[in-house]
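Thanks for coming. I will go through one structure this morning, starting with a pair of helices and ending with the cores.

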Amino acid sequence: MNKLLKKVNDYGTLVMFSHTIFSLSFALISMLLAGNGRLNFEVIFWIIVAFMGARTGANALNRVIDAKIDARNPRTATRQLPQGLMKKKEILVFVFICFAIMVFAAWKLNTVCLILSPIALFLLIIYSYTKRFTWMCHLVLGITSAAAPVGAWLAVTGEISLIPLVMGAANTLWVAGFDIIYGAQDYDFDTKNGIHSIPARFGVKNALLISRVFHALALVFLIIVALLAAQLGIICYCGLGIIAILFVIQHKLVSPENLKNVKIASYNVNQVISIVFLIFGVIDSLI
């Protein structure tokens, strides 16, 4: 039993399970809006299964693809693969199972989701390589995350519309924005080792400014979603007001001269933002 619990803990750490909330909130709100607050349990179940399979598999694959880079970076050298605590083959089997679950869940949802699942898989796989050739890797991560609200909408309706696309744009810019903040701490390592990122390309000061712009635009897109969705009203706007304050706090925590709060700003604050968006969005969608 202890070995089993340790293995579960190892995989939870490997895929950063606590970060699941980042796009899950967007997926669930999109799902509720698409169904006008009325969904059967089967649809909800398979949407969550597809999301968890995709997100978990992608994070595990990222660890395998980046294993050599992680081993050279002092910040990531203590991760499981660089330390030899887990084997690549073991993780790749886990990745295959996760992606197979995602495709199966897409099949259970509808034909459109199944047909589009290869595109989702391509995004989930290609992201991990983008830091090797483009500073736009943060936006690729954001676009990959945006598959959650767009996919959830397709799962319910079988067709696309403006609301999930706008929500996807918000998800893209929000994730890219805090990923830039997180990447700022690796500026020295990235520039010395040829790793592409916005901080490495434009410098930490300009990168943090770009992150602010991304988050401001993300908030604008969320406001547009609230305006477009008939189910959303004052409760949602109150939540967006709180999110705006949290965005300000997030960017006050870091500066080019002080990056010691990078993890708090990029992860902890955004976990709170995700929860706020989820709670206020769900309440407003169902009332």
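Let's start with helix α13, residues 234–252, and helix α14, residues 262–286: their axes come within 8 Å and cross at roughly 175°. This is a predicted model, so please keep that in mind throughout. Angles over 145 degrees count as roughly antiparallel, and α13 and α14 are therefore roughly antiparallel to each other.

Which residues make the contact? On the α13 side they are I234, I235, C236, C238, G239, I242, I243, L246, F247 and Q250. On the α14 side they are A265, S266, V269, N270, V272, I273, V276, F277, F280, I283 and D284. By type, the contact of α13 with α14 divides into 16 nonpolar residues, 4 polar and 1 charged.

Now the cores. The largest nonpolar core has 68 residues, and L33, W174 and I243 are those with the most contacts inside it. Helix α9, residues 162–184, gives the most to this core, with 13 residues.

What does L33 touch, leaving out residues up to four places away in sequence? The list is W153, I163, M167, V225, A229, Q231, L232 and S285. There is also a second, separate core of 15 residues, which includes A58, L81, V95 and L121.

Is L227 buried or exposed? Its relative accessibility is 62%, and the cut-off for exposed is over 50%, so L227 counts as exposed. L227 and I163 are 64 residues apart in sequence, while their C-alpha atoms are 9.6 Å apart in space.

Notes. Residues are numbered from 1 along each chain as its sequence is written. This is a predicted model: local features need pLDDT of at least 70, side-chain atom pairs count only at pLDDT 80 or more; totals for chains, interfaces and linings use all residues. Side-chain values use heavy atoms; hydrogens and water are left out. Axes are lines fitted to C-alpha atoms, for helices over the stretch in contact, and angles run from 0 to 180 degrees between N-to-C directions. Helices (H or I, at least four residues) and strands (E, at least two) are DSSP runs, numbered from the N terminus. Angles under 35 degrees count as roughly parallel, over 145 as roughly antiparallel, 65 to 115 as roughly perpendicular and the rest as oblique. Contact means heavy atoms within 4.5 Å. Ala, Val, Leu, Ile, Met, Phe, Trp, Tyr, Cys and Pro count as nonpolar, Asp, Glu, Lys and Arg as charged, and the others, Gly among them, as polar. Buried means under 20% relative accessible area, exposed over 50%, partly exposed in between (1.4 Å probe, protein chains only). A nonpolar core is a set of buried Ala, Val, Leu, Ile, Met, Phe, Trp, Tyr and Cys residues joined through side-chain atoms within 4.5 Å.
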